[in-house]
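Here's a friendly walk through a two-chain model. Have a look at the structure first, and then we'll go from the meeting of the chains to single residues.

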Amino acid sequence: MITLDELYTAYQTFRSLPNNEQREAVEQLPKRALFIVAGPGTGKTTCLALRILKLIFVDDVPPRSILATTFTVKAAAELRSRILSWGFQLLEALQKNGSLSARTHEQLAKLDINQVVTGTIDSICERILRDFREAGTQPPILVDDYVAKTLLLREGLLKNKRYEDTDLDQFLLPLNGGTRFGYHVNKKNDLIQTIWDRRYQDQVDWRGFLRRAPAGERAARATLDEILEDYQASLTSRGMMDFAMLEQEVLNRLQSEQLDEFLQEIKVILVDEYQDTNLLQEAIYFEMAKACDGALTVVGDDDQSLYRFRGATVELFSDFERRCNDALGQRPKKVFLKKNYRSTKNVIRFVNGYATLDRAYQEVRVRSKPPLEESPKAEQGVPILGMFRADCNTLAGDLANFLQRVFRGCGFRLADGSVIQAAEEGGDVGDCALLCSSPQEYNFSEQPRLPLLLRQELRRHGIETFNPRGQDLTEIPIIQLFGGLLLECLDPGGVLQNQFRNIPQGITATFQLWRQAALDYVDSPDAADGLKDYASAWVNRDPQKRGWEWPRSVPVLELIYGLVHFFPELHDDPEGHVYLEVFTRQVSACGQVGKFSARVVHEPDNPTLGEASVKELIRDFLAPIVSGTIKVNEDLMEAFPRDRLSILSIHQSKGLEFPLTIVDVGSDFRSNHAAHAFKRFPRDGGPPHVMEDLLRPYTSLGAPARFPVNRAFDDLYRQYFVAYSRPQEVILLVGLTTTLPGGTVPNVATGWDRAGNCAWASRTPLVQI
Amino acid sequence: MRLVKRPAIYSLPSYSLTGDLLGFLRCGLQYRYNRIGQLPSTRPVQAWFGQFIHGVLEESYRRYNESRKGGRVDPPPWKKARVEEICELIKKRLAAQGLFPWGADLEELGYRRAEAAVNELGPELFPLIHRAEVRLTGARVLPVSKIPEEYRFREADRYEVVGVVDVITHVQLSHPEFRRNRLVQSILKDLPDNPPDNFEVIIDYKGMRRPPVKVGSAGGPSFWDIYGWQIQTYAHLRKAHEDSLPVVAGVILYVNELLPTASDMVNLRDEVKAGLTDVMPSAGGEADRLIRAWREKAPIPALPIEYRLERMMRVVQITPQSIQTSLEEFDEVVARIEVCRGKELQHGSVLSTWEKNVIDESTCAACDARTFCPSYDKETMPSVPAIRVRS
């Protein structure tokens with residue numbers, strides 16, 4: 001359609017030209033397999049979007065024939081936005097270009113960039129199975145995690161009391177870290193669900209796994225197989241699929257040539273975040289790429305692979321050149337993107353130093369990987385800062401003062417006299433984030449953690465935090481009150497609740513707290529007018545109108561919305577709305593797995609039926625909310641409000657950048673205690689590594705070559721590599737003084753290698769504040 | 001040193017024609033709750049019914065098409081048991097998604113309407129179908145000038161508009177089979193100019209009755225207008241597809257007209273009386289006589305098939321001007337949604353910031369926010385569930 005020069009000329013009207021390494025990736029021919037290793041901040045999304053536009057405008061690949069996937073819904077939306085926005089700007093610029101032929105203008109006018117297919121691999125698989133299915137077959141109905149867990153528990157684990165099987169316990173316990181701490185029915189269920197997912201993700205030879213079991217595990221593996229068979233049957237009979245089944249189904253259909261119509265449309269595949277792919281997804285991509293003569297581009301960074309616990313297999317990325325050659329008969333062109341446009345020179349030097357700190361870690365990185373380079377415009381920036389205090393309270397107080405001075409005061413002065421201060425126009429605390437291994441406000445012993453203490457200290461300065469994963473839902477007052485009202489309306493006095501034998505005591509205790517909160521409120525002067533009458537009618541199942549009676553069946557949603565009327569904080573406050581959605585979402589899930597379609601049955605002649613409907617609601621609707629299984633839907637919240645400090649897990653921060661980034665490297669570690677060693681200096685592999693050792697021998701990859709403890713170290717280095725590469729300008733490491741480099745607590749986040757040497761002890765990169 | 005401001009994540013808003021734009025036009029506040037807030041409705045009757053009819057028609061077409069591809073064309077009408085088997089399949093699919101008919105009556109009605117649609121509409125429609133369930137997307141410039149500066153909260157310069165068209169038909173007028181087709185004849189009847197020999201028509205099913213022509217909120221658009229804009233916008237998006245022919249018309253099929261219920265008959269009778277419908281029965285004809293003579297609680301009369309088909313079909317002419325008008329209307333709606341979103345972000349309140357632009361009473365009567373909606377005063381307290389005691 002147009003030449004590369006014409007493309008770049010048009011592109012230059014609204015953006016700077018790509019650098020040489022980006023150009024190398026962008027300009028490869030469509031059918032050339034391409035392996036892009038992109039360090040943090042090197043313009044990966046730019047490169048991918050521009051390559052797609054080059055394929056469309058220069059190589060004449062129809063937009064609908066381009067399929068681009070990435071790891072999260074948000075990342076997919078961002079990639080699509082870039083493609084569309086730049087694509088339309090290119091079109092506008094080209095339409096003004098008088099030197100193009102009339103035919104080219106005609107072609108440009110017909111171009112429909114919107115037809116580029118983008119999404120997560122799951123959304124694309126769902127679309128393929130929906131759009132390219134045969135008559136009489138169902139489109140996939142995907143179940144959410146709760147429904148999947150419930151069916152696995154009810155139809156698999158609870159059936160025939162398999163949860164009491166001691167052989168199964170012996171088999172599962174090592175996957176729980178070898179401890180009985182927190183090892184209850186739900187935990188067993190979670191572990192079995194992980195095995196189910198990995199069976200597909202790792203393409204496990206399941207028959208081999210069963211047949212070649214060690215003698216001591218044979219019975220347990222057979223029981224496991226029965227559980228999974230029953231689970232699968234329960235989904236299939238309902239016409240449902242979980243995500244693992246969805247992807248497997250697409251692979252099956254690709255391999256059996258049932259998706260030829262789809263494959264005829266697709267000409268180029270591009271995959272972002274390839275370091276977090278698994279064997280199942282790799283097989284899907286290779287099958288698609290075979291139909292496109294090897295036109296596969298993968299982009300990623302092995303140093304940023306964080307999802308081993310979800311089945312990611314980073315070796316598929318590091319070894320992509322060989323694997324691609326084996327599968328597609330084509331050795332891909334490898335391009336390193338190393339020019340960092342995000343961070344200051346000081347931050348880049350710090351990140352490069354961190355990546356090469358541990359010798360053994362180099363063995364698992366992509367071969368000949370170069371360090372990050374500074375962009376020509378990068379500033380020197382302030383040094384890497386450290387704030388270490390004797391206890392967490394002091395740390396929270398000093399950190400809050402620091403933030404107050406930077407964002408609401410006259411700035412924070414460093415020892416060299418320089419001052420860190422918020423952006424002059426519109427700068428606010430939203431320009432900063434605290435990254436932690438976990439954003440939870442309390443630890444397992446119910447002791448407050450830095451996120452809570454910092455929230456409290458910041459509040460004194462009039463600064464709020466944004467930490468949707470910090471608090472358990474059950475601790476939020478409006479959730480307690482609303483949940484208590486629902487409980488009392490459905491099951492007054494807890495008569496039915498008390499008949500349950502298998503609801504954990506913690507849940508029953510929380511139910512009681514909620515009920516009491518509701519009863520106290522209804523009788524208080526704060527209670528809204530009419531609430532008590534409304535609730536009483538429900539309690540008595542009496543419409544309180546002569547000539548009228550209670551219906552035989554009422555959707556529980558009607559009760560929810562009836563009660564919502566009395567709580568403006570649920571129907572008028574956007575934040576409360578997010579909490580209300582938790583209740584309604586769980587009602588829908590309850591309807592999907594239950595027998596009563598989330599309805600309250602009232603049969604005066606057959607009270608057992610009504611009781612059963614209420615018990616189902618307690619078990620499948622309210623208990624999961626209390627148990628903490630159900631989380632708020634973060635997509636409903638505005639991401640990172642400008643006037644609040646964001647507190648995120650390092651995993652959540654992936655792909656994001658902040659002008660000022662605070663990394664909690666050790667606020668939890670008072671001593672070198674074994675209990676938290678896995679978070680800083682592992683003594684052995686953790687559950688994800690045990691799971692790998694269990695299943696990998698039955699996959700095409702074979703048993704992992706590295707010891708579990710080494711893989712645990714690798715994962716921690718990757719985690720902090722991600723954290724340290726988020727800042728644009730300033731990075732501040734915070735922790736207790738025990739975790740100071742060279743202190744008493746070994747910690748890979750503070751410069752320790754796995755051999756037990758702390759490089760930062762003698763040459764610290766940190767300037768203490 | 002001064003820190004920089006954190007760059008906003010660049011993301012174009014995506015608006016679906018049915019879920020977002022039509023949803024907002026039905027009522028802004030309800031749209032905020034149900035669509036943006038993802039709160040399900042307690043009365044998803046319309047959702048079940050609409051999806052059920054769509055599902056049955058789509059599956060029936062797939063089966064017809066399989067037979068056509070296999071060289072042994074097997075068009076409807078089909079035996080009742082065969083259609084019922086398809087209905088069962090779709091019912092099960094919807095149940096797995098958490099959508100259920102509200103009682104046996106509704107299910108029965110759904111089955112009968114589906115059967116009527118497959119057996120009365122299918123023979124005419126299926127042979128014309130080029131593609132079914134076609135995903136359409138396009139991008140428009142975000143109408144920033146219509147959004148006051150204080151409510152602008154995005155970096156985006158465009159918005160994406162998405163929709164799924166039920167059916168795209170290809171018509172070859174020189175082919176005798178098409179000339180004989182009753183749907184084609186009806187379409188041609190409503191087109192003033194000579195259409196090209198090969199053209200396409202976009203068809204959209206609606207699981208509802210034909211709306212009256214003029215009823216809307218004060219100064220606002222009516223459903224009649226809104227569904228017209230929808231089909232025009234589909235035509236605009238479809239034109240960008242490589243396999244498209246000139247789109248000369250859109251057809252909206254109001255499937256409920258094939259089998260009206262008692263309440264449909266009440267509405268029809270009232271609209272005929274008031275002259276509010278564009279498909280009046282011929283004066284003194286059979287349909288006219290049956291409608292006028294019908295009394296509530298009497299059995300539903302069997303209106304003539306010609307009249308029912310005529311009421312079911314609405315042909316919308318597609319011209320560059322009509323497309324442009326519709327696109328501008330939808331730009332306006334996008335701007336209104338963006339303003340509401342911006343206001344909510346700024347004021348932290350839902351009730352005071354979203355438009356209460358409801359068109360008809362039935363939308364409010366079925367709304368879960370009706371008791372606390374500031375614009376609705378017929379119910380100000382939630383009523384407890386109750387049914388009359390049977391004597």
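Let's start where the chains meet: 63 residues of chain B are in contact with 90 residues of chain A, where contact means heavy atoms within 4.5 Å. Between them, chain B and chain A bury about 6,600 Å², with 57% of it on carbon and sulfur atoms. That buried area is the accessible area (1.4 Å probe) that two parts lose on being put together, summed over both. On the chain B side, Met1(B), Leu3(B) and Arg6(B) lose the most area to chain A, together 13% of what that side buries.

A few words on the ground rules. This is a predicted model, in which local features need pLDDT of at least 70 and side-chain atom pairs count only at pLDDT 80 or more, while totals for chains, interfaces and linings use all residues. Residues are numbered from 1 along each chain as its sequence is written, chains are lettered from A and ligands numbered from 1 in the order in which they are written, and side-chain values use heavy atoms, with hydrogens and water left out.

**Chain A as a whole**

Chain A has 31 helices and 22 strands. Both are DSSP runs numbered from the N terminus: helices are H or I with at least four residues, strands are E with at least two. Its C-alpha atoms fill a box of roughly 85 × 70 × 65 Å along the principal axes. For 769 residues, a compact globule would have a radius of gyration near 27 Å, and the 28 Å of chain A agrees with that. The radius is taken over C-alpha atoms, and the globule rule is 2.2 Å times the number of residues to the power 0.38.

Buried residues make up 59% of the 769 in chain A. Here buried means under 20% relative accessible area, exposed means over 50%, and partly exposed is in between (1.4 Å probe, protein chains only). Of the contacts in chain A with a separation of 6 or more, 78% come from residues 24 or more positions apart.

**The seven-stranded sheet**

In chain A, seven strands form an open sheet in the order E15-E19-E14-E20-E21-E11-E22, with parallel pairing. Two strands pair if DSSP finds at least two bridges between them. Strand E15 (464-466) and strand E22 (766-768) of chain A stand at the edges with a single partner strand each, so one side of each has no neighbour in the sheet. From one strand to the next, the twist averages 30 degrees.

Helix H30 (residues 708-724) of chain A lies across strands E14 (432-436), E20 (658-666) and E21, at about 150 degrees to E20(A). Axes are lines fitted to C-alpha atoms, for helices over the stretch in contact, and angles run from 0 to 180 degrees between N-to-C directions.

What sits within E14 of chain A? Leu435(A) does. Leu435(A) counts as buried, at 0% relative accessibility. Not counting residues up to four places away in sequence, Leu435(A) touches several residues, including Thr661(A), Val663(A) and Ala723(A).

**A strand inside chain B**

Over in chain B, twelve of the 15 residues of strand E3 (residues 158-172) are buried, so E3(B) is largely enclosed by the rest of the structure. Its pairings look like this:

| Partner of E3(B) | Sense | Bridges |
|---|---|---|
| E1(B), residues 14-16 | parallel | three bridges |
| E2(B), residues 129-141 | antiparallel | eleven bridges |
| E4(B), residues 198-206 | antiparallel | six bridges |

Zooming in, Ser14(B) stands opposite Glu160(B), Gly138(B) faces Val161(B), and Val167(B) has Ile203(B) as its bridge partner.

**Two more residues**

Arg253(A) is found in helix H12 (residues 243-255) of chain A and counts as buried at 13% relative accessibility. Leaving aside neighbours within four places in sequence, its contacts include Leu129(A), Phe132(A) and Gln258(A).

Is Ala298(B) buried or partly exposed? With a relative accessible area of 33%, Ala298(B) is partly exposed, and its place is in the loop between H10 and H11 of chain B.
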